[in-house]
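Trainee: Could you take me through this fold? I would like to go through the helices, the sheet and the cores in turn.

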Amino acid sequence: MSELKRINKTRKIIRKIINEKGRKEIYDLTGLSGGFEISDSDMELLETYVGPAIFSEQLNAVGISHFGGSPSIHKAVGFNRTSSAIFSTICALSKDIKTVVHFVPKLPSHPSIPRSCDIFDMNYFESDNLQEMLNKIDGETLTIITGATMDHKMINLDDLKELIQYCKEKNSIVFVDDASGARLRLLYDQPPALKIGADLAVSSTDKLMNGPRAGLLSGKKELIDKIYSEGLKYGLEAQAPILCAMINALKNFKLDNLKDALKRAKNIDLSSLVSVGLNYEKTPTGFIITNLSDEEYINIALKMLENYGIITITAGGMPGASKTLRIDFCSKDAKRISDEYVINAIINSKNNNL
């Protein structure tokens, strides 16, 4: 099944459920269901030029804080997607740097990074081997470090610190891709990226928090200005409604919500999955099924959506996203259904797929 066909089928099923049963019968367990909180007073400012004038300043303050930065050194801006922020970063830096080296806790990387490098004819190298990575870093490279993978495999803190320190010694710009890691790493007492010396950091405000699908980019002021200017040229900046929702989500973010998901993931009994031939791994805020083909993952995910109303990244994710069947308990919808409901949905969908 093509990526577009899968996405269109998923959207068709969601429309059918909403039209026949209402939103209450949908359970988004993707971990990036997000949210869009805007107050009545905000509504008056959602205009093309007025909104960004007000909200950009507010986002700067809460964005710097979220990454552990300093207002005297750092700046934060909004993009319409994390991928847009990554694209704009590579676009801006491609004029002076021709090689991107990328450390990933577990391969493969998110496709937005190598695809952006291809567009700007930049050499690209990725690895999950620390020493191999260190051997590639020099003053002519942009070093990207993924804080947590698409399947929530987190970087080791000692590795992260060593990479950042080595980049400083070699005068390599270091950019932490913390799409979900900006929150996920906090669960394990890892410091925010800017606090431990990264030059740039980016995060998705819909991942593991109740914000809109958007990219928060923060870092050294001169780099942010350079990158944001490129983003503006291509219309990749976040518009007023998104900026406003990003601010509210960052202000209202509570780590306790993730801690609740962590506890649920730790305690859930998944032994019944093994009994029907499904292997699994627990993640910080949920679990993943690990022993199926992409086609099997997709078919099961679509049946889970159609028959149980459960949305997964496998069914609804953008092209290039991991097809591994992942369940995440950090969304608001997860609180409305039991562990048994989720497990039965997987088992029955798997059996009906045979």
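**Helices, sheet and cores**

Mentor: This is a predicted model. Helix α3, residues 50–66, lies across β2 and β8 and runs at about 110° to β2.

Trainee: And which strands does α5 touch?

Mentor: Helix α5 (residues 112–119) packs on the sheet and touches β3 (99–103), β4, β5 (141–146) and β6 (173–177). The direction of α5 makes about 160° with that of β4.

Trainee: In what order do the strands of the sheet come?

Mentor: The sheet is open and has 7 strands, in the order β2-β8-β7-β6-β5-β3-β4, with mixed pairing. From one strand to the next, the twist averages 20°.

Trainee: Why is one side of β2 and of β4 left without a neighbour in the sheet?

Mentor: β2 (74–79) and β4 (123–127) stand at the edges and each has a single partner strand, so one side of each has no neighbour there.

Trainee: In what sense do β7 and β8 pair?

Mentor: Strands β7 (residues 200–204) and β8 (residues 215–220) pair in the antiparallel sense, over 5 bridges. Ser203 stands opposite Leu216 in β8.

Trainee: Changing topic, which residues have the most contacts inside the largest nonpolar core?

Mentor: They are Leu273, Phe287, Phe329 and Ile346, in a core of 42 residues. Helix α13 supplies the largest share of this core, 8 residues.

Trainee: What does Phe329 touch?

Mentor: Leaving aside residues up to four places away in sequence, the contacts of Phe329 include Ala261, Ile268, Phe287 and Val342. Apart from this core lies another, of 37 residues, among them Leu59, Ile164, Ala201 and Leu216.

Notes. Residues are numbered from 1 along each chain as its sequence is written. This is a predicted model: local features need pLDDT of at least 70, side-chain atom pairs count only at pLDDT 80 or more; totals for chains, interfaces and linings use all residues. Side-chain values use heavy atoms; hydrogens and water are left out. Two strands pair if DSSP finds at least two bridges between them. Helices (H or I, at least four residues) and strands (E, at least two) are DSSP runs, numbered from the N terminus. Axes are lines fitted to C-alpha atoms, for helices over the stretch in contact, and angles run from 0 to 180 degrees between N-to-C directions. Contact means heavy atoms within 4.5 Å. A nonpolar core is a set of buried Ala, Val, Leu, Ile, Met, Phe, Trp, Tyr and Cys residues joined through side-chain atoms within 4.5 Å. Buried means under 20% relative accessible area, exposed over 50%, partly exposed in between (1.4 Å probe, protein chains only).
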